[in-house]
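Subject: Structure for you to look at, with notes

Dear colleague,

I am passing on the structure below, together with notes on what was found in it. Please read them with the model open beside you.

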Amino acid sequence: MKEGIFRFRNFSVSHSRSTLKVGTDAILLGGSIGQNTILDKTAPDNILDVGCGCGVLALLTAQYFTHANIMAIDIDRQSVEESLENFSCSPWKNRLSAKCVSLQQFTDIQDNNSKFDLIVSNPPFFENSLKSASETKTISRHTDTLTVSDIASCVARLISDDGYFCCIYPVETAENLKLRFIDEKIYCIDETLVFSKKGNIKPERTIMTFSKKMVCKKIENVCLLDEEGKSSDWYAKTTKDILP
């Protein structure tokens with residue numbers, strides 16, 4: 001594999017200049033969105049990717065939602081530039097765009113414009129933890145510039161009445177996010193608790209879908225690896241449409 005290139009089933013991305021490399025969280029969230037039966041793959045007209053990095057989630061949603069236009073935003077200029085380059089090489093380049101702007105600024109600009117039918121995010125999630133020596137990596141991975149309160153309030157202003165918000169978080173931070181969304185009258189209707197290995201006591205991540213409609217919540221426990229340390233059936237199913 002060429003250095004700085006990550007190959008998916010239907011496209012490749014350069015991620016050498018973005019704040020973070022393509023990682024497991026983005027793959028799990030992207031794959032889960034494709035397998036999520038709650039989401040009508042023909043319904044969204046407008047999709048927003050918050051904190052796009054090199055554009056992985058934007059590209060995956062373009063693959064899944066064949067009629068949607070996708071806007072990707074990030075506060076790091078090099079990440080946005082690399083996203084635009086990756087978009088231009090993809091089969092869906094006419095439906096993808098990116099801007100260097102914070103979610104807060106974007107929300108203020110967008111308030112009087114059309115809402116988004118789907119918002120996706122693999123956001124900063126380290127709260128009160130040791131910061132990286134790299135300023136850009138610190139910004140991309142910590143909630144200092146994008147708190148759970150910011151995300152909840154901005155998503156509430158940007159999402160359509162029938163829209164959804166999909167994201168991945170550590171379990172501890174996810175609890176705070178769910179409480180803030182309740183304040184905005186937005187509810188977690190689907191939650192997948194991800195354990196690194198079958199038999200582990202505590203999950204490491206949770207993948208969530210939020211909606212303005214209060215419906216019976218679906219909760220699922222899954223693992224990345226089975227007892228023998230091999231990829232689980234769930235992981236294989238989740239990634240079958242996106243990894244080679």
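Is strand E7 (residues 159-169) mostly covered or mostly uncovered, and how many of its eleven residues are buried? Please keep in mind throughout that this is a predicted model. Strand E7 is mostly covered, with eight of the eleven residues counted as buried.

With strand E9 (residues 205-211), E7 pairs in the antiparallel sense over six bridges, where Tyr169 has Thr206 in E9 as its bridge partner.

The structure holds seven aromatic pairs, and one of them joins Phe165 and Phe181, whose ring centres are 5.6 Å apart and whose planes meet at 45 degrees, so that the pair is tilted. This pair links distant parts of the chain, since Phe165 is in strand E7 and Phe181 in helix H7 (residues 171-183), 16 residues apart. Phe165 counts as buried at 1% relative accessibility, and Phe181 is buried as well, with a relative accessible area of 0%. The ring of Phe165 also pairs with that of Phe210, the centres being 6.0 Å apart and the planes at 35 degrees, so this pair is tilted too. Because Phe165 lies in strand E7 and Phe210 in strand E9, the pair ties together parts that are 45 residues apart in sequence; Phe210 counts as buried at 0% relative accessibility. Elsewhere, ring pairs link Phe6, Phe8, Phe11 and Trp92 into a cluster.

Turning to charged side chains, the count comes to 14 salt bridges. In one of them the side chains of Arg205 and Asp25 meet, at 2.9 Å from N to O. Arg205 lies in strand E9 and Asp25 in helix H1, so the pair ties together parts that are 180 residues apart in sequence. Asp25 counts as buried, because its relative accessibility of 14% falls under the 20% limit. Glu228, by contrast, counts as exposed at 62% relative accessibility, and forms a salt bridge with Lys230 in which the closest N and O atoms are 3.6 Å apart. A further salt bridge is formed by Lys240 and Asp241, with the closest N and O atoms 3.3 Å apart; Lys240 counts as partly exposed at 42% relative accessibility, and Asp241 is partly exposed with a relative accessible area of 30%. Salt bridges that share partners also join Glu175, Lys178, Glu191 and Lys217 into one network.

Finally, there is the second largest pocket, which holds about 320 Å³ of space. Of the 18 residues that line this pocket, Ser32, Gln35, Asn36, Lys218 and Glu220 are the closest to its centre. Helix H1 (24-35), strand E8 (187-197), E9, strand E10 (218-225) and helix H8 (233-239) each supply at least two residues of the lining, and the largest share, four residues, comes from H1. By type, the lining residues of this pocket divide into six nonpolar, seven polar and five charged.

With best wishes

Methods
Residues numbered from 1 in each chain as written. Predicted model: local features only at pLDDT ≥ 70, side-chain atom pairs only at ≥ 80, totals over all residues. Heavy atoms only, no water. Buried < 20%, exposed > 50% of the residue type's maximum accessible area, 1.4 Å probe, protein only. Pairing = 2+ DSSP bridges. 1 Å grid on protein atoms, 1.4 Å probe; cavity = no way out; pocket = protein on both sides within 12 Å on 5 of 7 lines; lining within 4 Å. Points joined across faces, edges and corners; volume = space filled by probe spheres on them. Nonpolar A, V, L, I, M, F, W, Y, C, P; charged D, E, K, R; others polar. Salt bridge = Lys/Arg side-chain N within 4 Å of Asp/Glu carboxyl O. Phe/Tyr/Trp six-rings, centres within 6.5 Å; stacked < 30°, edge-to-face > 60°.
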